[in-house]
Amino acid sequence: MPKGQIRKALSGFYYVYHEGETYQTRGRGNFRNRNITPLVGDWVEFESTNLTDGYLLEVLERENELIRPPVSNVDLGVVVTSCVQPNFSYNLLDRFLVTLESKRIKPIIYITKVDIASDDVIEELQQMREYYESIGYPVLFSENGKKEKLTEFFTDNLTVFMGQSGAGKSTLLNNIAPQLDLEVGEISEALGRGRHTTRHVELLEINGGLVADTPGFSSIEFLEIELEDLPKEFPEFLEASQFCKFRECMHHKEPKCEVKHRVETGEILQSRYDNYLQFAEEVKARKPKYNKK
Ligand code: ZN
């Protein structure tokens, strides 16, 4: 039975890519009863006698899935964040990073509006970049409108764009894939929120990889992360934790905590630690109905 990947879902049809061809298929795998919604990005088994009359039979196990946009098996998340208008937010950035880490999606940080930032802001951004790259996250600036550096990451990956409202996600996606013609601007982004959730998603081939044509969520609640997993979503905490006195150290009130020690020495960014404590409070305060999926 052929295997392929859903690259578009529209009006009850799933468009499955297999060996250079796209097959239009309908679900026949009893998915509703099994509580499965086939997603763009899914690897599937299907049968088809021609290109327009196929049937989707099985959805293979997913690596991960996002709700907005509804895409599975995501490798890369480009976190689009502006440095001015709105101002750069370490808190929001760390929220995206933690969420991506929890889904085993590799983040790339993309800073927009660098061209209109003051020298002071740019100096701070340089320090930010140095730190975040030291813990494994590539940081790209929007300088000179260069997009090649970003598209280099796409090869062999499935990439989704996400980030704060007004950061320029749609502008950036349009720049990378001009055929998209996404609505641009904060107002249309706010108005378009409802439409974006129902809008179909399609994976575009760019530079030897796939890119979701619909930008993702712009705010984050930690609905799926368990408290005991939270410190593991900070790579530099995970690295330090092997030197904590207690194996399951939460880096809060425990004595001889290496994470706290490294915050004191400045090796770990204070804002990362403050955000960690804040996120932990949010997870603890979460309504019980969200505690398990
Ligand atoms: Zn600790």
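Predicted model: local features only at pLDDT ≥ 70, side-chain atom pairs only at ≥ 80, totals over all residues.
1. Strands, as the word is used in this note, are DSSP runs of at least two residues, numbered from the N terminus.

2. Among contacts with a separation of 6 or more, 68% are made by residues 24 or more positions apart. The protein exposes about 15,500 Å², and carbon and sulfur atoms supply 48% of that area.

3. The peptide bond from Gln-85 to Pro-86 is cis, with omega near -5°, while phi of Gln-85 is near 50°, a positive value in a residue other than glycine. Is Gln-85 buried or exposed? Because its relative accessibility is 55%, and the cut-off for exposed is over 50%, Gln-85 counts as exposed.

4. A positive phi in a residue other than glycine is also found at Lys-113, where the value is near 65°. Lys-113 belongs to the loop that runs between strand S9 (106-112) and helix H2 (119-134).

5. Helix H1 (residues 90-102) contains Arg-95, and this arginine is buried, with a relative accessible area of 10%. Which residues does Arg-95 touch, if those up to four places away in sequence are not counted? They are Ile-220, Phe-222, Gln-278, Phe-279 and Glu-282.

6. Ile-36 is placed in the loop between strand S3 (21-27) and strand S4 (43-48), and, at 25% relative accessibility, Ile-36 counts as partly exposed. With its neighbours within four places in sequence left aside, Ile-36 is in contact with Phe-31, Val-59 and Arg-62. Ile-36 and Glu-58, which are 22 residues apart in sequence, have their C-alpha atoms 9.8 Å apart in space.

7. Why is helix H4 (residues 169-176) described as largely enclosed by the rest of the structure? The reason is that 6 of the 8 residues of H4 are buried, and the buried residues are Lys-169, Ser-170, Leu-172, Leu-173, Asn-174 and Ile-176.

8. The model includes a zinc ion, coordinated at 2.1 to 2.4 Å by Cys-244 through SG, Cys-249 through SG, His-251 through ND1 and Cys-257 through SG. Along the chain, the donors of the zinc ion follow the spacing C-x4-C-x1-H-x5-C. The 4 donor atoms subtend angles of 104 to 115° around the zinc ion, and the arrangement is therefore tetrahedral, since four donors count as tetrahedral if all angles lie between 85 and 135 degrees. For comparison, the ideal angle for four tetrahedral donors at a metal is 109.5 degrees. Of the coordinating residues, His-251 is buried, with a relative accessible area of 2%, and Cys-257 is buried too, with a relative accessible area of 6%.

Methods: Residues numbered from 1 in each chain as written. Heavy atoms only, no water. Buried < 20%, exposed > 50% of the residue type's maximum accessible area, 1.4 Å probe, protein only. Helix = DSSP H or I, 4+ residues; strand = E, 2+ residues; numbered from the N terminus. Donors = N, O, S within 2.8 Å, 3.2 Å for Na, K, Ca; no water. Tetrahedral: all angles 85-135°; square planar, octahedral: opposite > 155°, others 65-115°. Contact = heavy atoms within 4.5 Å. Areas by Shrake-Rupley, 256 points an atom, 1.4 Å probe, with all protein chains shown as cover.
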